[in-house]
Each structure stands twice: as C-alpha cells, then as structure tokens.
Amino acid sequence: MRVGVPREIKNHEYRVGLVPSSVAELVHHGHEVVVETGAGIGSGIPDADYVAAGATLLDDADAVFAKADMIVKVKEPLPAERKRLKPGQVLFTYLHLAPDAEQTHDLVASGATCIAYETVTAPTGGLPLLTPMSEVAGRLAPQVGAHCLEKAAGGRGILLGGVPGVPAAEVIILGGGVSGTHAATIALGMGANVTVVDRSAEVLRRLASQFGTGVRTIFSTRDAVREIVKRADLLIGCVLIPGAAAPKLVTRDMLKTMKPGAVIVDVAIDQGGCCETSHATTHADPTYVVDNVVHYCVANMPGAVARTSTFALNNVTLPFTLALADKGWRRALADDRHLRAGLNVHDGKVTCQPVAEAHGLAYVSAEAVLGL
C-alpha cells in the first residue's frame, strides 16, 4: 500500500501523522510511504530523517493526496484537504464528527473510507488511540488554566497553589476519565484544592483510591454542578461520550454565578465542549470572555507540545496503521472489531451511530458495509 503523510495545516498544529520509526516499519512490511516536505519540522523531525527511514518526499499536499492509497494524519481534514480526498481512499486520523456537520457532509460526499482514531476501542475497554492525547490535554489543562488565572491574562489574579497564609485556587474538574485524572494529578501537584465530579460511582472510588483525601469527589447531578461551579477559580471540562457530542453540563445561567475572572478550560471542545458558552479557539487566539469568565477552548491542545504528542500518538496508532496497510482496510476491519469501531464514514454512508444521530443522517453499520 502507498501511505501518505501530509503536513498538518490547522492553526498552530505542529504534530505529524507518522514519525520516521513508523515509516521504517511500514517500509519493512513492503509498503511505500510518501511524506510532504516539512511535515515533521514542527515536531522537531527533519526531512532527512524520513528519507533515511525509506520515505519519498513530495513537494506539496496535492501530490501526497493524489499518490496515496491511505492518508495518515493527526487532526481532522480542513476544507482544502477534504476536497483532495477521493473514492476508495482511506483516511486514518482524528475526526470528531458529531459536532461538525460541515466536515461530516464533506466526507460523505468524498466517497472515501474514513476511520477515526477517537472511536477505535480496546479489548479491555476504553479508547486506546484517544488516550495519549487525553493524557496530554489533561496535563496541559491546569498549566494553561494557571496562566489564564493571571491578571494580565484576564483572570482573577490567583496563584494556583497559593502561598503560606493565602488559600490555593479551587480547581473543579468535570469528568474523572483519562483527561480528568491527569488534570487532577497536575493540579494537585501544583498545590491547588481539587474536586472531581463524575456520574460513575466506580470512577469516584478509583479516584479516591488513587489520590486519597488529596482530591475531593462529588457524584454528578445537575444540582451538584450548579452549586460547585460557584466555587471554582478554575473549571476544567473533561466529559466524554465516545463518538457523540459532549453534554452541555454548564449552562449560561450557571456561568453567571461564577466568580469574576474565573477560568474555564474546556478539554471537551473537540466534541463540542461541555459548556453552553464554549466555542473552539486556536493557539493563536486561545481565550475569550463571557460574563466575566475567561474561556480557553483550543481544539488541538496537544499541538502545543507537538513532539511529546506526536511520539505518544504514534506509539498507539502504529499497530493499526500496519494492519490497515498489510491487510487492506476491509480485511483489517473484518478481523478486528475494535478497529472496526473506528469506521465513521464509507463510500457516502455514515457508519458511526452517534454521528448519524447528531446530524439526522441515515446510519449503516460497519458490519453491513463489510457484509459480516
């Protein structure tokens, strides 16, 4: 198979779909890899490393898309990239289609086979290709939140960890999954007072076991969220429903009860965000203010630490990339129900039920597409 790696073009996105060691594995398996010139520079990977691994460099994205049987990316294809997709081509990347009707319709119209990292599952449960980026985003959230709390950044002028004689900031984390757990780890390490809210009693028990009395846990109800947001200096939204749009847990009315200069970091923004007032921002212009509350809603947070993120992502995507290249997408998906869960769009059909429901489109199962 001919595998193509274009340079990412989303605002301040410096990650890259394949690192040289992954390219070398694909070449060893008998595949051809074409990489757009400069694709790895943002992650500190020079073109020469790709050539040494056996890749062929191409001058631009048009050439990569035209030549490749499978495109491996990091972020969802932007409109210019979606126009380059063609019937029969495989796209393997993060998609986050539920909150993005325009992208969904464009991918349906392309006729391509689109497999989303974020809906691939694991035998042990969870979302293995989302996990490393959730870890990164979770660990970044208290860091960027602490900066946003600084007065010059529009915040309350609070040091996250406080100092002797002055209380630490109150950090409220909505969702105790991968991102929420890692956010709690860093916020606690920075000296904040940390509370995690989740609707799963098992998750709350796990957090209590992991952090002891260092992190407070609260069972999530609408009333509990309404009351606890009033206390927050920093609110971190980490709620995830696989494949579906994030629930809007923090309403506009709740926002009005928050402290002036409080900060919201909405990690769930890739899936639409868990606050009614959240909308996606970029690293170039990461924040905005609604009702005196600072919102940080960057949709590609891990891109800020591109080198760490790129290598962490490749560690988990490579086995699936190899399976798709070695077997072809049909057999690879037929053989592995967990990879099959990643199929979101194929040949004009939506094959992910939450995405179909989000946009009022007809749903066709991956099993029906494969004749299983």
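Me: Which elements do the buried residues of H8 pack against?
Reply: They pack against helix H7 (178-189), strand E8 (193-198) and strand E9 (215-219), contact meaning heavy atoms within 4.5 Å. Helices (H or I, at least four residues) and strands (E, at least two) are DSSP runs, numbered from the N terminus. This is a predicted model, in which local features need pLDDT of at least 70, side-chain atom pairs count only at pLDDT 80 or more, and totals for chains, interfaces and linings use all residues. Residues are numbered from 1 along each chain as its sequence is written, and side-chain values use heavy atoms, with hydrogens and water left out.

Me: Which residues of H8 are buried?
Reply: In helix H8 (residues 201-211), Val203, Leu204, Leu207 and Phe211 are buried (under 20% relative accessible area; exposed is over 50%, partly exposed in between; 1.4 Å probe, protein chains only). Seen down the axis of H8, these residues fall within an arc of 100 degrees, so they line one face of the helix; the arc is that of the directions from the helix axis to the C-beta atoms.

Me: And what is exposed on the other side of H8?
Reply: Glu202, Arg205 and Ser209 are exposed there.

Me: What follows H8?
Reply: Gly212 follows H8, and its phi is positive, near 65 degrees.
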